Structures are given as C-alpha cells and as structure tokens.
Amino acid sequence: MAKFEIPVLSEEPAEDVPGIAVNAMAHSRPFVAKPEHNAPLGFPGALVDDWQEKALGRMGDLLKRFRSLRVFLDSCVKCGSCADKCHYFLGTGDPKNMPVARQDLLRSVYRRYFTLPGKMFGSLVGARDLTQDVLEEWYTYFHQCSQCRRCSVFCPYGIDTAEISMAARDIMDHIGYGQKYCNEIIAKVHKIGNNLGLPGPALSNTLSGLEEDVLDQTGHDVKFPLDVEGADILLVTPSADFFAEPHVDGLIGYAKVFHQAGVSWTVSSYASEAANFGMFIGSYEQMHKVSNRIRKAAQDLKVKRIVFGECGHAWRVAYSFLNTLAGPWDFLDPNYPVPQHIIEFTTDLIRRGGVTLDKSANAGMVLTLHDSCNVARGARMGDQPGGQFVLPRELIKACVPKYVDMHPETTHDKTFCCGGGGGLLTDDLMELRVKGAKPRVEALKQVMRNDGVTHMASLCAICKSQFTKVLPYYDIDMETVVSIHGLVSKAIRLGTNHV
Amino acid sequence: MSFVTVAYGVVFYVATVVLVVGVFNKVVQFARAPAPLKIPTMPAPLTRHGAAGRVAREVVLFESLFRSDKWLWLFAVMFHAGLLLVLLRHVRYFLSPEWGVIWDLVVLVQPFGLYAAFALVGGGIMLLGRRMVLARIRYITSPSDVLLLLLILLIGTSGALMTFVVHTDIIALKQFFVGLMTFSLNPLPTDAVLLVHLFCVAVLMIVFPFSKLLHAPGVFFSPTRNQCDNTRERRHIAAWAASLESDCGS
C-alpha cells in the first residue's frame with residue numbers, strides 16, 4: 001500500500017519517545033509553487049536571483065512587524081521541553097522535527113545576521129550563513145510543521161513554533177519559493193471564492209441536490225439557501241462540507257438545526273469558504289484579503305449574524321483574527337457574538353429546549369472526540385475559557401448513547417494534530433501525514449480496544465479529510481471519522497417543539 | 001592602587017553599562033514591536049488581569065514546564081530559586097544597615113542564601129548532565145549552551161568555596177563595591193578564587209543582553225502568555241495593519 005514504513009504503534013499513548021534518526025524525513029517536501037500559482041498572490045514567480053538579500057530583508061521586516069517572532073527568536077534556552085511534544089517528531093524521529101530544532105533552522109540565520117554574537121562568533125552560538133542548503137532545509141522542514149501549537153503549551157516562555165514556521169513560509173513566498181498546494185488554493189479563493197474552485201452554479205446545484213435528498217429521507221422541506229439577501233444568518237463553512245464525506249453530513253446537520261430553529265440563513269457564493277490558508281503561509285495580507293470576502297458577503301447579503309461551520313484553522317482565524325482582519329462588525333446584530341460557531345448555535349438551542357435529539361438514531365455508536373488543534377489551542381467557544389472542549393462534548397453526548405474520552409495526554413489543550421493541518425493536506429506529503437498521525441492513532445486504538453469506541457468525531461474539515469485518508473494505513477476503517485453535526489443530523493427530530 | 005583593583009573597577013563599570021543598556025534596548029525593542037494578532041495559547045484568561053496572573057505563574061512557578069517535564073522542572077526550579085536566593089544574599093555587599101526594612105529583609109535571607117548555593121550548583125549540574133546524556137537534548141545543544149552553564153557553575157562553585165572553605169576579606173570586598181557605586185576606588189582583595197568569581201560574574205553580565213539569557217525579560221513579552229482572550233468583544237489592530245484597511249472597500 002505504501003512506499004514507506006508505517007510506524008509501529010505503542011500500546012500506551014504519549015509515552016513512546018523515539019530515538020533520533022537524523023535526516024529521516026529530509027526527502028519529504030511538497031511541490032514548489034509555479035509562477036501561475038504565485039502571480040495571483042503577488043509573489044515572485046520563481047526563486048529570485050538576489051534571494052538571500054531579499055530573504056534577509058523580509059526577515060528584518062517581519063521582526064519589526066511581529067513581536068512574537070522577535071521575542072521567540074531571542075528567548076529560547078534550548079531546554080528541550082518541546083522536543084518530544086511534536087507529532088511529526090514522535091512519528092518520524094527526525095530531530096529537525098523537534099520544535100526547538102525546527103525553530104533553530106530560522107534562529108541560526110537570525111543570529112548570524114541580526115545579533116552581535118552571531119556576527120562575531122558564528123557557530124559558537126549556533127549561527128549559520130543563509131546558503132542554498134539552508135534554504136532547502138527551510139523548505140523541507142517548515143513544511144513538516146502543521147502549526148498546531150502543541151509545543152507552545154509546554155514551552156516555559158510560550159514560544160509558538162507555528163509563528164516561526166509562518167514567518168519562514170512568508171519569507172520563502174517573498175523570494176518566489178512558496179508551496180504549490182497553499183498558493184494554488186489561495187488563488188482559487190481570490191478568483192472563485194472557495195478552496196475547491198466550486199463556482200456559484202455548481203454550488204447551487206449541489207445545495208438543491210441536498211434539499212432533495214433530505215426531503216426524500218425525512219419528508220421535511222429543509223432548505224439549503226444560496227445568496228439569499230436579507231437572510232438572518234450567513235453560514236461560512238469549509239467548502240469540503242459541500243460534497244466530501246463525512247463533511248457533507250455535517251452540512252446537512254447545520255441545515256436541519258437552522259430549519260428546526262426557524263431562522264433564515266444563507267450561504268454566499270462569493271465567500272463560500274471558511275478556510276483561510278493565508279494563515280498557513282504566514283501572510284497577514286493574504287489572510288486579510290480572504291477574510292474581507294466574508295465582510296463583503298455579509299454586507300451585500302444584509303445578514304444580521306455570521307455562523308461558521310466545522311473547521312479548525314478557520315475557526316481560529318474567525319474567532320481570534322476576524323474582528324482584527326475584517327471588523328468592526330458594527331453593522332451586525334449586537335446581541336450575538338461575531339462570529340459564532342455552529343456548535344455554539346446548536347448547543348444554545350439545545351439548552352433552550354429548541355431541539356429534540358434522539359440518541360437511539362445513533363444506536364450502537366460509541367464516540368470519542370478528536371479535539372482539533374486550532375480549535376483547542378487557537379480559539380474558544382462559549383463564554384468560558386475551555387468552552388471549546390466542553391461544548392463539542394456536550395453536543396456529542398446529546399446525540400449518541402455512549403461517549404469516551406481518549407488518553408488525557410492527547411485531548412483538550414494537549415490534543416495532537418491529525419497530521420494534515422497547516423497546509424500539509426496534500427498527496428505529495430503522504431508519508432509525513434501518515435507518520436504524523438501516529439500519536440493520535442495510538443490514542444484512538446487504545447479506546448477502540450478498551451472501551452469499544454466505534455467512531456471518532458471531528459470538528460475540522462482538514463482532520464476529517466486527513467483521517468479518512470490516513471486511518472486505513474493503520475487498519476482502521478475510513479468511516480470511523482464522523483462530523484459532529486453528522487451525528488446531530490441523524491439524532492435531530494424535525495418538526496418538533498419550535499422555540 | 002593596584003593594577004588588579006583598577007582593572008576590575010573598569011571591568012565592572014563596563015559590565016554594568018553593557019548589562020543595563022543592553023537589556024534596556026532589548027526590552028524597548030520587545031515592547032515596541034507590534035503584536036498585530038491575538039495569539040494567546042488557548043484556553044487563555046478572559047481579562048488582562050487574568051493574563052498578568054498567567055505570566056506571573058509562568059515566572060514564579062514555571063507552570064508550563066511543570067506540565068511538560070517534572071524532572072526538568074525540578075532541576076530548573078533548583079537552579080533558578082538557588083540563583084535568586086544567592087543574588088538576594090549578595091545585596092548586603094552593596095547596601096548598609098541604614099536601609100531599614102530592606103536591610104532587615106537582606107538579613108532575613110542570609111541563612112537561606114547561604115545554602116541556596118548548593119541548589120544553584122546542584123541544579124546546574126543536573127541541567128548540564130541532561131544536555132550530555134539525553135540524545136535529543138544533546139542534538140539541540142550548541143557550544144554556547146554548555147559554556148553559559150559552565151560559567152554559572154564556576155560562579156556558583158567559586159562563591160560557595162569562599163563561603164564555606166577559603167574565605168576572602170569580605171569587608172574589603174564590600175568597600176570595593178560600595179566605592180565603585182560612589183565613584184571612588186578602594187583596594188580589591190586579590191585571592192585567586194575571588195578574582196575568578198568576579199571575572200565570571202562580569203562576563204555573565206556582558207553576555208546577558210546578547211544571549212539566550214534574554215529569556216528573563218522575554219517571558220514577560222510572550223504574546224502566547226500575556227495576551228487575554230477577548231477578540232470577539234474588542235477589536236485589536238496594529239498600526240501597520242490598519243494601513244491595509246483602505247484597500248478593502250468598506
């Protein structure tokens with residue numbers, strides 16, 4: 001099945017730290033962006049001649065723009081607290097996948113050109129010239145970080161490797177050495193409005209198809225509105241929700257919840273994407289541009305509220321950055337948080353008795369939850385810290401007969417990335433994705449073995465796609481992964497107790 | 001005045017200036033660099049007071065390190081608590097009993113500061129040993145990491161030696177430093193252990209603003225720790241980012 005070795009799983013999750021295997025993943029790198037991918041983002045088409053000078057110039061700019069970068073590059077004491085916390089290190093043993101070593105790829109160049117001892121003493125303080133080899137190493141290993149922030153939880157100074165790899169990718173984009181997968185996708189958003197390049201008519205077709213399906217299955221006329229001006233709610237959801245499995249079950253769930261709540265809602269064909277890959281490439285400008293499609297759609301459609309579907313990094317950008325990037329939201333209804341998560345919407349409806357859920361519809365299912373990294377460590381739900389852990393669990397428990405948490409070292413803010421986040425969900429990184437999933441799969445297998453868990457819910461489009469693809473490598477059925485609102489979709493009793 | 005006295009006087013003036021100006025510059029640099037996005041590691045406190053508490057727990061209790069690695073936490077606490085007590089004990093070489101309450105505190109800390117040297121040196125040895133023994137830590141260790149630890153260990157052991165084995169003329173030493181503070185030069189005792197001790201301290205002071213010792217001010221400026229979680233309620237925008245607003249239509 002695979003051209004590489006599948007990692008051997010250990011029985012007890014989160015205890016097995018591999019020995020170091022130097023350069024074990026040195027061959028793993030994604031396709032480089034071509035001129036046609038870079039041009040729409042305003043990046044140079046290919047590696048520019050004076051790339052060293054340009055790269056250092058950009059690094060200087062970023063140091064002035066981002067306190068995080070400056071403080072993180074100066075503060076690391078190389079204690080190694082983070083070293084065994086990265087799923088890519090745990091899955092591959094490549095020492096450059098230890099967060100501190102990954103940071104050092106950039107820090108060594110920072111020290112060489114931006115600090116006195118680096119200029120004077122060089123290798124004594126781990127400083128390196130920015131050579132072609134160093135650039136290649138950047139490209140290789142900054143595309144082996146999914147920006148999941150798990151290392152930042154354990155760092156005594158809060159150093160977040162995601163910030164470092166975002167900066168490195170931004171520098172590489174500015175010298176024409178970006179990654180194809182991300183840049184191609186962002187270009188599609190600028191041109192068409194979503195990552196998949198689904199134009200309005202295709203979207204309309206898909207949504208009316210879903211309406212027919214739901215009517216056939218339930219006898220209820222649940223609408224999937226597109227570009228409806230004056231709707232109350234603009235739903236912004238990852239475009240994978242429009243057709244991929246198990247994502248689409250989630251979309252059907254949102255529609256049923258809105259139907260049951262009796263609110264009017266719409267999807268926008270202009271802003272038909274919750275994802276914002278501008279974050280993955282560390283570009284404030286790209287993130288800003290993508291985000292402002294949502295602002296424009298909200299204004300054009302004259303909605304009162306914005307609700308986001310299940311997507312991890314999208315929720316981070318939405319929750320933590322949207323007000324900054326595309327606010328202020330003073331034209332929306334001030335009675336609701338902007339933006340709101342669909343899980344907040346649904347749990348609120350449940351608490352108010354606005355919806356009846358029937359667990360027997362999901363009889364036989366034993367659920368666990370994969371806390372998506374960007375939701376867990378980059379955002380919040382509800383009005384209390386940690387609500388992002390409470391609400392999804394509350395919702396799942398309301399939908400299924402039994403729920404079991406995975407090993408505590410692998411959940412909540414210690415959750416592992418699925419292995420495909422941060423712009424790495426591409427087939428040219430399949431080996432990395434399979435190996436990076438190891439820590440999560442170990443924990444999943446443990447609860448499958450010990451507690452009879454049958455399904456793992458996820459609230460992120462990337463997690464869903466990644467697990468669907470990767471779990472079979474570990475002999476777990478791809479259908480083990482489900483959308484949280486896919487569970488809601490099955491359990492919800494339509495046509496009862498409208499609020 | 002002897003050459004040694006003059007030389008050490010000059011060295012300590014230089015070291016003090018480098019330390020103060022260097023750290024001040026860095027702090028200004030950290031403080032002035034904008035933080036355009038809210039990036040606290042979640043879950044995060046909802047208020048600025050809460051975030052200040054989080055930073056305080058990080059500084060005093062090494063909270064994140066405790067969650068990560070109990071042994072490393074223990075060694076780090078020994079090392080840093082030892083260092084803090086030893087430094088507090090040293091305040092008596094710069095102040096006089098006229099300082100009232102502060103002097104009383106300095107007196108209070110003496111017995112603790114005395115034995116804290118063992119925690120400092122013991123913790124330091126464990127931290128150094130970890131760098132040698134654990135393969136993954138060895139991999140991320142550069143020469144400067146080892147040299148800095150050795151430097152502090154040398155300071156700690158030479159200090160402990162003078163406390164417990166070969167005493168120096170502490171009265172004369174105090175007069176030397178009090179003299180420096182009032183820009184007059186008094187003779188420095190010249191026993192080798194003291195000279196090594198003081199030289200290493202001066203080196204440490206000079207290296208501080210240019211090395212990873214910046215983690216001390218850095219931790220206060222770490223956005224993942226010092227930011228609160230209130231983005232939906234309050235719009236956060238950096239000056240340079242605000243300039244992008246004009247090209248987005250509204």
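**Chain A: domains, fold and surface**

Chain A splits into domain 1 (35-185) and domain 2 (192-404 + 453-491), with bounds from an automatic or database domain assignment. The contact between them (heavy atoms within 4.5 Å) draws 19 residues from domain 1 of chain A and 15 residues from domain 2 of chain A. Taken over C-alpha atoms, the centres of domain 1 and domain 2 of chain A are 32 Å apart.

This is a predicted model, in which local features need pLDDT of at least 70 and side-chain atom pairs pLDDT 80 or more, while totals for chains, interfaces and linings use all residues. Residues are numbered from 1 along each chain as its sequence is written, chains are lettered from A, and side-chain values use heavy atoms, without hydrogens and water.

Chain A holds 21 helices and 8 strands. These are DSSP runs: H or I of at least four residues for helices, E of at least two for strands. The radius of gyration of chain A is 22 Å, close to the 23 Å of the globule rule for 499 residues, so chain A is as compact as a globular protein of that length. The radius is taken over C-alpha atoms; the rule is 2.2 Å times the number of residues to the power 0.38. Along its principal axes, the C-alpha trace spans about 75 × 50 × 40 Å.

Among contacts in chain A between residues at least 6 apart in sequence, 81% join residues at least 24 apart.

Now the surface. Chain A exposes about 15800 Å², by the Shrake-Rupley method with a 1.4 Å probe. Carbon and sulfur atoms supply 52% of that area.
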